[in-house]
Amino acid sequence: MTSRSTGLLYIVPAFSALALVLFSPVFYGFWFSLHRIRYGTASEFIGLGNYTQLLSDPGMAATFGRTAIHTAVSVALTVAISLAIALWVHRLPPNRGSIVQMIVIIPWITSTVVATLLFKWVFISDIGMAMSILRMFGLPDLQLLSDPNSAMGLLIAVSVWKRLGYALIILLAGLKSIPEDYEEAASLDGAGPWDIFRLIILPLLKTPLLLIVIVLTLSNINTVESPLVLTGGGPGSATRILAIDVFDRAFVNYDLGSATSLALIMFLGNVLLVLAYVRLSKWKV
Amino acid sequence: MSKIKATGLALCAALSVTLLSPAVVMADTVRMWTFLNPAGTSPREVALAQIIKDFESANPDIDIVVEPQVWDQMTPKFLAAHGNRSAPDIIWVVTDFLGDAIQSGSLADLNELFINKWSEEKKADFKDAYWNLTSVQGKQYGLFASRNYIALMYRPDLFANAGIKPEDIKTWDDLKAVAQKLTVKDSGNKVTRYGFSAAYSEQQADPHPVIPHILASGEPLFTTEGKANFASDAGVKGMQFFTGMVKDGISPSQAATWTVDDLFEQFASDRIAMVQGSAVRVSTLQGKLGKDKVALMSWPGAVAGKPSPSVMAGWSVGIWSGSKVKASAAKFMDFMMSDPGDKIWTAVGGQIPGKKSTLKELENFISQPGNGYLAVAARGAAEAGWLTPIDFSVGGYRQALNRATQQIIVDGKDVKAALKEAEEHFNRQNGR
């Protein structure tokens, strides 16, 4: 037996177990989606019937569009804000830096449902703290969840607030890995702060930035807790994104056929994003 | 070798003694899915905990394990679990999915399991519209442990302060006039208390208050083929009534995204004087606010003296057809529906009694101040109750109507167009 085949033999049990746990639900889900689902069980084979029914839903294109907007804006804002905070914290004395990090990280380590409920009760509910303060100053109530645009804005705000801590930690780790000599040498050569940021820091943060973008994109596409707790997909369909659509199809309308099909389409999107990450992480600046 | 042989023999002997000994009795574990958590403190949760405790004391060989679930997802999850052969032994099924649950073959016949042992008097004591709903072709697929009468919940203290009596609300126009009177504004013309509201989020949705309007007109909510019939003249008129109250500032526009929990928070915070509310929620709210501050009345009618039909959603308890411990599950169900069980549900849990005899026996309790809602709900259920049909699935009808309301309130969509779209959405989702 060659050393190569011996090596393969060693990893077969672990790989089989991993494949069973990770991939069997996908294969089962795909098989399930090719059948008419009655009372939770697959009956007649209908090929791509569930997929065509799903894509012929007049609201589907808008749901994809809202998901793209929600994800793109949330990720862009989270990356921009976390980068700014990371650069600031990196230059703070260690004690003060730790305090800022702790404050930013708290929403990330808190359960999404709890964090969203807190956000709702404190900032949005008209019997909450923020509205009481507005009333105290004689200002009008803000009906943020009743307006389609502000409801989506709030959903994005919660997403940014919740995930900022994660992005900050990764970026701070990236910043700490950049040797101080680089900045010193650039300063001696006459480079200004903007040049140092643009030509030295940003390229060297490429890998953590890519990681953040991919992880945040996946996390925003798949998030169901925040819209469920905050808006329920409303008002109207203003905050109906893919994940909540899957949830509603499965657990509100009990349409498991189209719910499974949509979940698999989302899974495919997730796989493509991971492949993009693997590919881009090899990209040299 | 002889040492190994001796050890083997000893092990075999020990195993035989263990397996054959009558003293060793394995307890049956009965899994139950319900939205009530026996460790909770709401009246119904306390009632369930007491029933389980009493049952387990009398039956030490049976363990009841409650796995609390989110109420609006529980029945679809059960049906999916039935498909995977991993469902719980006892399940609480919501009326909207009762038809699916029965037709899927997921529920066992309770007649065979324990009801056949009941006397005819005992059966007659139970028989009502709820009993009939779960009785199909001689088989009984469930018994209602929670009868819900969804009507008009109000604050008697705020009524008294405004000099209003519940009897003043006889027609829909009366309701609007009273709601107008109960709406309070501050010096800056800002509303500090609304007269009436319901919750119109698609999540945790209660049946829409337009339904009593539609049913009072004699129009059905669904056609005989199971298609939605929301955009009838009565539906349009009813929806105009409720969204009109939002336009008039009597109901809050924020209700477009409120869940029922949000609604009751507002009600408990003195922000709303009347809400659409279910009988089963009264005791919980009374626990928070006081018995004198929460009461229930039937929906008004199109004409005075004839209340509109109210939705009687509820929870039918059944036994999973694939359960390995059907006999033990049946024993618990029988206990839960017994005379003492029904009295606990009513006196401790604040629920509408399931048996006519309980209603009679607890007459004094029901006539006590604050308990009048039980009589309102029991009378309303008997005289003006409506249960969703089980011949076809109606899952998603609450959400479809709520979505239409959101579109009217938020986007200013035409009422008829919004209801038409809701019909199409419901029919599409249900493949009709």
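Tutor: Strands here are DSSP runs of E with at least two residues, numbered from the N terminus, and two strands pair if DSSP finds at least two bridges between them. Across that pairing, Trp33(B) sits opposite Ile91(B) of S3(B). S3(B) also pairs with strand S13 (residues 314-319) of chain B, antiparallel this time and through 5 bridges; there, Ile90(B) faces Ile319(B) of S13(B).

A word on the model: it's predicted, so local features need pLDDT of at least 70 and side-chain atom pairs count only at pLDDT 80 or more, while totals for chains, interfaces and linings use all residues. Residues are numbered from 1 along each chain as its sequence is written, and chains are lettered from A and ligands numbered from 1 in the order in which they are written.

Now, the side chains. In a regular strand they alternate between the two faces of the sheet. In S3(B), Ile90(B), Trp92(B) and Val94(B) point one way, Ile91(B) and Val93(B) point the other way, and all are buried. Buried means 20 or more other C-beta atoms within 10 Å of a residue's own, with C-beta atoms placed from the backbone. Since 5 of the 5 residues of S3 (residues 90-94) of chain B are buried, the strand is largely enclosed by the rest of the structure.

Notes:
A residue is buried if 20 or more other C-beta atoms lie within 10 Å of its own, exposed if 12 or fewer, and partly exposed in between; C-beta atoms are placed from the backbone. Helices (H or I, at least four residues) and strands (E, at least two) are DSSP runs, numbered from the N terminus.
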